[in-house]
Amino acid sequence: MNPTDPIAIDRRMAIKWLFAAASSLTLMDKLHAGDEAPLPQFEAGGYGLDSNLLKTYKPGEVWPLILTPTQRRATIALCDIIIPADNHSPSASSVGVQDFINEWVSAPYSWVGSPNSNHAEAKDVILYGLDWIDSESKRRFGASFADLISSQQHAICDDICYTATAKPEFKKAATFFSKFRNLTAGGFYTTPVGMKDIGYVGNIPLASFDGPPPEVLKKLGLA
Amino acid sequence: MPIITASKTQPSYDVIVVGSGAAGGQTAYTLTMEGAKVLMLEAGRSYDPVRETPMFNTPDQAPLRGSNTPDKYFGYYDSTASGGWDIPGEPYTSASNEIEKQFWWWRARMLGGRSNHWGRISLRNGNYDFKPKSRDGLGFDWPLNYEDVAPYYDKVEMLIGVYGTNEGLENTPNSSPGVLLPAPKLRANELLAQKHAKKIGVPVIPIHRAVLSTKQDADNVPQKLHPKNAKAQRILAQAMRERSACFWATDCGRGCSIKANYQSTTVHLPPALATGNLDIVTNAMVREVTLDDNGKATGVICIDKTTGTLHHFKARVVVLAPSSAESVRILLNSKSARFPQGVANSSGLVGKYIMDTVGGGLGGQVPLLESLPLHNEDGAGGSHAYVPWWLYQEQKAGKLDFPRGYHIEFGGGRMMPNSNTATNIDRFTQGSYGKEFKADARRYYGSMVGFAGRGEMIPNDDSFCELDPTVKDKWGTPVLKFHWKWSDYELKQVEHMQRTFTAILESMGGKASRPVAPGIKNIEPGGKIIHEVGGTIMGTTARNSVTNQWGQTWDVKNLFITDGGPFVSNADKNPTLTIMALAWRASDYILGELSRGNI
C-alpha cells in the first residue's frame, strides 16, 4: 500500500488509537465494576477490531502457538485418523489442519466460534485429550499414539469416537475426541481441497443464477 | 473516497448531517442532489468497499478459519471495521446484572456505518404497521400513513436497487410497477420449504433484498427520481452505470467491491460527492448540538478522535442520523439553561421507548437434502426466499396468545464451508471417523436448514436509555446506560416461532435439532438483532413526542433526526428501508422549509 494513501494513514491512526484506548478502558471498567453488569469487553492479544481483511494469514502470525512437539505429533496423527487420504482428497495433515488446531488452542480469546463457548475450558479439553491419548497408547501398547500401527490407533479411537455410547471410563476422552473431530473437520473443509471434496462448487463469478439443475429438482420431487 | 480534514471545512453549511450510514447517506444524497451544501460527520474511519472488500477470500486465508471471535463477532470477513458490541474507549452500561435485562449495542465506526454489513433485507411497512395502536390498542400510532411513505419506498427501491416480487399479500405492500428488479430463482432448500410449508398454510415467497439482480436502468430511473434536475440525473446515471449486477458469488456481509448491493459507501455517497456539494470529515465524533440565544441550532461540537481536538462546525440546519441510540446520547449531552434535560427534550421522552426486533431461531436436518448432485447455491449472497407474517386473520380472531407478527428468514444450502462445516454430526453418524466420516460429511453437507424469526416488539416503559451519571468515554463525554425488559408478548411470540419452525421442518420430512424452548431461553438479547429504533419518537404534539412526522424536533425547528429514533413501532419488517424512505421524505421537507425561509 502506498504510504501517502489516505486509507493507509487512516489505518495507522486507527491502530495507534486502539493502543491508546486500551489503558483508559481498564480505568473505565474499574469505575463501574461494582454495581454495573459486566457487558462483554474488548480483548487484548487478538487481531483487533480493524485488521486487514485482504491479507493471507498463517497460524502463529498473530499470536504465538503453544503446542509442544509431543502434542503436535499426536495432533497430526489424530487429524489423519479422522480425515485420512481417500480417493476424493488427501489427508487433513497434508493441508496443514494441525497448524489450524494449534492456532485455535493458542487463541487469546474468551470464546471462539460461539459466544456461548468458553475457550479456556474448550482448550483444556483438547490439551487434556492430547496428553491422555499418549498415556493411553503407552499403557495399552507401549508407545506414543503417533508411533502405533493403524489397528492399535483404531482400537483406542473406537472406544472414544462417540460420546453417547462411550464407557464411563472413556467419557472424558470421548468429549475430547468429539471436539477434536469438529476442529479437524472445520479445518479441513475450509481448505480448497476440502471444499472440493465436500462438494462445494461456488465462490466463482457467474453470468446468471439458474437455480437448482433438473436432476436436483427431480430428486426433491420438485420437477 | 475524497475525505477532507476538519481544517479544510467551510465556515458554514446549509446542513450538517451526523452519520454516514443508511440514514445519513440517504439524507446527504437527497440534500446534495438538490443543491444544498452539506457537511457529513462520521465517527469512524474512512472506508472504501471497492478496495477493502475480501470478495473471494476463503476461510483458510483468515485467522482461525474465519471463525467468529470477540474481535469479529460475525466472523473474520464481516465488513465491520473498528466496530462491534464493545469498542475500546467507548463504553456503554447496563442498569441490570440480569442477562435478559441487558441491551447490546452494535456500533460500526466506519464510513457507511452498519450499511456496509447489513443483510440487505428490504421489506416495506404496510398500512397496519403505521397504525398498530388503532388495530390492537398497544403502543403508538405513527403520525403518518402508508400512503405518505409509499412514494418514497418506490424512490428508495429504484435508487438502491431491490430484487423481489409483488405478491399482493395482506399488509405486505406491492411496489409500483417497474420498481423491483427480478427475483433470483429459489435454492433447493427454499423450494422444498415452499412446496411443503404450503400444506400447513405457511407461504414461502421471494424475499426483497437490496442487491442488483440485473443492472439498473440508468437511462430512465434518474429522471424519475430527479425530475427537472438535469445535473442530478446526469450524476445518478453515471453512478448507476458504475455499479455492476450481482455475479452470484460472495456473501453480502463482506461488503461488495463491484457495488452490486446497497451500502451507503457505494450507492449514496459517490453521487452525493459528485455534486460537489458534500464534504465529509471522518473520525469526527459529535458530542453536542449548539444553540443560539433564540434556541435555534447553530451547529455541532465534535471531537477529532485522532487528535482529541474539539471542533465547532456550523450550519443552518442540523440533522442527526448516527443511529437511534447515538442520537439520544447527543441530545441528552446537549444541555443548556434553555434545555437543562438535553436539547429537544421538553417532553422528557428522549431515550424512551427503545425497541429491537424479537429474534428466535431453530434449525434441523432434512434427509431429502442429503447427497444432492453438486450444484452452485451461492446466489445473491443472502436469502432468496422468506415467509411474511401470515396469521393476521387468526390473530384478529383472538386465536393467538401474542400480538403482532413475525417473518421467517432461512439459512442453509450448499454454502461455502466454514469452521462449523461437518461439525457435531455425531448424532447422525454414531461417531464415525476416517474414510467413513469423509463420506458422511459429503452426505450431510447442505442438508441442515435453519430458521430465524424476526418479530415485532411492543414498546414498553421499562426499555429506555439515559446518560450514565458517572461513566464517560475516553474523551470525557457521558455514555448511555440501557434499561431493557421483554414482556410476555415477545416471549410468547418466540415460542410460537419455534413451533412453526418445527412444523415446517417436519413438513419437509426433517426433524428439529431440539424441542421448543421457553421464550426467555430462546429470545435473542435486546439489541442483538441490531434493529434498534425509538428513543426520539415522532408524534402529533410536543407533549407526546420528540419530533413531528418529518423528524423535525418540536423544540428546535432546524434540528432533525432521520435515523430510526423517530420510529414509534418496530414492525417485523427490517427497519433500514423505512429509515431510508423517511430520511428522503424528511430531506424533501428540509429543502422546502429552507427555500421558504422557515428554517
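In this predicted model, 99 residues of chain A are in contact with 103 residues of chain B. The two chains bury about 8,700 Å² between them, and 62% of that area lies on carbon and sulfur atoms. Over all chains the structure holds 33 salt bridges, and six salt bridges are found across the interface of chain A and chain B. Within chain B, the domain assignment gives a domain 1 and a domain 2, whose interface has zero salt bridges by the rule applied here.

**The interface of chain A and chain B**

- Across the interface of chain A and chain B, 39 residue pairs are in polar contact, both residues of each pair being at pLDDT 80 or more.
- On the side of chain A that touches chain B, at least two residues each are supplied by α1, α2, α3, α5 (150-160), α6 (171-189), α7 (192-198) and α8 (214-219) of chain A.
- Helix α1(A) provides the largest share of this side of chain A, namely 11 residues.
- By class, the residues of chain A that form this side divide into 57 nonpolar, 26 polar and 16 charged.

- Side chains of opposite charge can pair when their charged atoms come close.
- Arg45(B) and Asp50(A) meet through their side chains in a salt bridge, with a distance of 2.7 Å from N to O; Arg45(B) sits in the loop between β2 (38-41) and α2 (49-52) of chain B, while Asp50(A) sits in the loop between α1 (6-31) and α2 (69-82) of chain A, and the pair thus crosses between chains.
- Arg45(B) and Asp50(A) are both buried.
- A salt bridge also links Asp86(A) with Lys438(B), whose closest N and O atoms are 3.2 Å apart; because Asp86(A) belongs to the loop between α2 and α3 (97-106) of chain A and Lys438(B) to helix α14 (residues 435-444) of chain B, this pair joins two chains.
- Asp86(A) and Lys438(B) are likewise both buried.
- Arg442(B) forms a salt bridge with Asp197(A), and here the closest N and O atoms are 2.5 Å apart.

**Salt bridges within chain B**

- Glu593(B) is paired with Arg596(B) in a salt bridge whose closest N and O atoms lie 2.7 Å apart.
- Glu593(B) has a relative accessibility of 10% and therefore counts as buried, the cut-off for that class being under 20%.
- A network of salt bridges links Glu90(B), Arg109(B), Lys305(B), Glu326(B), Arg329(B) and Asp473(B).

**The two domains of chain B**

- Domain 1 of chain B is assigned the segments 1-52 + 73-116 + 218-241 + 256-356 + 461-485 + 530-599, whereas domain 2 is assigned 192-205 + 358-455 + 487-522.
- The centres of domain 1 and domain 2 of chain B, taken over C-alpha atoms, are separated by 35 Å, and the contact takes six residues from domain 1 and 11 residues from domain 2.
- Domain 1 and domain 2 of chain B bury about 540 Å² between them, with 45% of this area on carbon and sulfur atoms.
- Across the interface of these two domains of chain B, two residue pairs are in polar contact, both at pLDDT 80 or more; the side of domain 1 that touches domain 2 has no nonpolar, one polar and five charged residues.

How values were computed. Residues are numbered from 1 along each chain as its sequence is written. Chains are lettered from A and ligands numbered from 1 in the order in which they are written. This is a predicted model: local features need pLDDT of at least 70, side-chain atom pairs count only at pLDDT 80 or more; totals for chains, interfaces and linings use all residues. Side-chain values use heavy atoms; hydrogens and water are left out. A salt bridge is a side-chain nitrogen of Lys or Arg within 4 Å of a carboxyl oxygen of Asp or Glu. Helices (H or I, at least four residues) and strands (E, at least two) are DSSP runs, numbered from the N terminus. Buried means under 20% relative accessible area, exposed over 50%, partly exposed in between (1.4 Å probe, protein chains only). Domain bounds come from an automatic or database domain assignment. Contact means heavy atoms within 4.5 Å. Buried area is the accessible area (1.4 Å probe) that two parts lose on being put together, summed over both. A polar contact is a pair of N or O atoms within 3.5 Å; within protein, one must be able to donate a hydrogen and the other to accept it, and residues adjacent in sequence count only if both atoms are side-chain atoms. Ala, Val, Leu, Ile, Met, Phe, Trp, Tyr, Cys and Pro count as nonpolar, Asp, Glu, Lys and Arg as charged, and the others, Gly among them, as polar.
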